Amino acid sequence: MKAVILAGGLGTRISEETSTKPKPMIEIGGKPILWHIMKTYSAHGVNDFVICCGYKGYVIKEYFANYFLHMSDVTFDIGNNSMEVHQRNAEPWRVTLVDTGDTTQTGGRLKKVASYLDDDFCMTYGDGVGNIDIAASIAFHKQHGCLATMTATQPPGRFGALELDGTGVSRFLEKPHGDGGWINGGFFVLSRKVVDYVDSDDMPWERAPLERLAQENQLQAFFHHGFWQPMDTLRDKNHLEELWAGGKAPWKVWP
């Protein structure tokens, strides 16, 4: 099964980083968040990727074109004009990079890569991580037989909380995990037929297509109770960096 990753947005809310690179190339632990997302899929046996490029997409293309340079030790023999790669840290990935336009909306990006897709495929955004059980979501999708499966998750609380005993503060709590409400977690399993629900380049996937699928009873929710974190702001980026640096990154489901 293939995985489509939407990686073409402008990332205006984290402009401190995106002035020189697309948002999916912002690094966590020295690796682009795009790499972290792909490693998550790969841990569940999904190794064929279609990446929808847009804003500064050439940065993504150059990264994969020079993947060994980024991931391995190399020796350059300048006199002989040769390069030797040591300890090749290769991934079992097949990566198709498609220029879907700088201003195309998420639904339009999906429609532009339709020719690269098989019957069922995964799809996600290039700016969020989680310990999603991808294999279980795929199995759930095949079981219910509808056109679309959306991972539903409970967003992390933005602030820490207080545990109170009357008016006394008994202890401080870490950011609570949601308030019982479920939201779109951004990890989908889809039938290729959903492409027909997108009418134009300027149609967001999250609006008319998903709304119509829901109205037609073709959208099912796969409930994820674990870790999930989007990288919308510099604060989010720093939080993910701290988790990785401390060896407490819950989305690291690979060895």
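## Strand E10 and its neighbours

E10 and strand E14 (residues 219-224) pair in the parallel sense, over six bridges. Two strands count as paired if DSSP finds at least two bridges between them. Helices (H or I, at least four residues) and strands (E, at least two) are DSSP runs, numbered from the N terminus. Ala152 has Phe223 as its bridge partner in E14. E10 also pairs with E13, here in the antiparallel sense and over five bridges. Thr153 has Ile183 as its bridge partner in E13.

This is a predicted model: local features need pLDDT of at least 70, side-chain atom pairs count only at pLDDT 80 or more, and totals for chains, interfaces and linings use all residues. Residues are numbered from 1 along each chain as its sequence is written, and side-chain values use heavy atoms, with hydrogens and water left out.

## Burial of E10

Strand E10 spans residues 148-153, and six of its six residues are buried, so the strand is largely enclosed by the rest of the structure. Buried means under 20% relative accessible area, exposed means over 50%, and partly exposed lies in between (1.4 Å probe, protein chains only). In a regular strand the side chains alternate between the two faces of the sheet. Ala148, Met150 and Ala152 point one way from E10. Thr149, Thr151 and Thr153 point the other way, and all are buried.

## The cavity

Rolling a probe the size of a water molecule over the atoms shows where empty space is left. On a 1 Å grid over the protein atoms alone, a cavity is a set of points where a 1.4 Å probe fits but cannot get out; a pocket is an open set with protein on both sides within 12 Å along at least five of seven lines; lining residues have an atom within 4 Å of a point. Grid points are joined across faces, edges and corners, and a volume is the space filled by probe spheres set on the points.

The structure holds one cavity of 30 Å³ or more. The largest cavity has a volume of about 40 Å³. Its lining consists of Tyr41, Cys122, Met123, Ile132, Ile134, Ser137, Thr151, Phe187, Phe188 and Val189. Strand E8 (120-125), helix H6 (134-144) and strand E13 (183-191) are the elements that give two or more residues to this lining. E13 gives the largest share, three residues. By class, the lining has eight nonpolar, two polar and no charged residues. Ala, Val, Leu, Ile, Met, Phe, Trp, Tyr, Cys and Pro count as nonpolar, Asp, Glu, Lys and Arg as charged, and the others, Gly among them, as polar.

## The largest pocket

The largest pocket has a volume of about 690 Å³. It is lined by 29 residues, of which Gly9, Lys23, Thr106, Tyr125 and Asp127 lie nearest its centre. Strand E1 (2-7), helix H5 (106-112), E8, E13 and strand E15 (228-230) each supply at least two lining residues. E13 provides the largest share, four residues. The pocket lining divides into eight nonpolar, 14 polar and seven charged residues.

## Aromatic contacts

Rings of Phe, Tyr and Trp (its six-membered ring) pair if their centres lie within 6.5 Å; planes under 30 degrees apart count as stacked, over 60 as edge-to-face and the rest as tilted. The count comes to 15 aromatic pairs. The rings of Tyr125 and Phe188 have centres 6.5 Å apart and planes at 70°, so this pair is edge-to-face. Tyr125 lies in strand E8 and Phe188 in strand E13, so the pair ties together parts that are 63 residues apart in sequence. Both Tyr125 and Phe188 are buried. Elsewhere, ring pairs link Tyr41, Phe49, Tyr63, Phe64, Tyr67, Trp93 and Phe187 into a cluster.

## Positive phi in two loops

Most residues other than glycine have a negative phi. Lys56 has a positive phi, near 50°. This residue lies in the loop between strand E4 (48-53) and helix H3 (57-65). At 22% relative accessibility, Lys56 counts as partly exposed.

E5 and E6 form a hairpin with four residues between them, and Asn81 in the turn has a positive phi of about 55°. The two strands, E5 and E6, pair in the antiparallel sense over five bridges. Thr75 stands opposite Glu84 in E6. Asn81 counts as exposed, at 72% relative accessibility.
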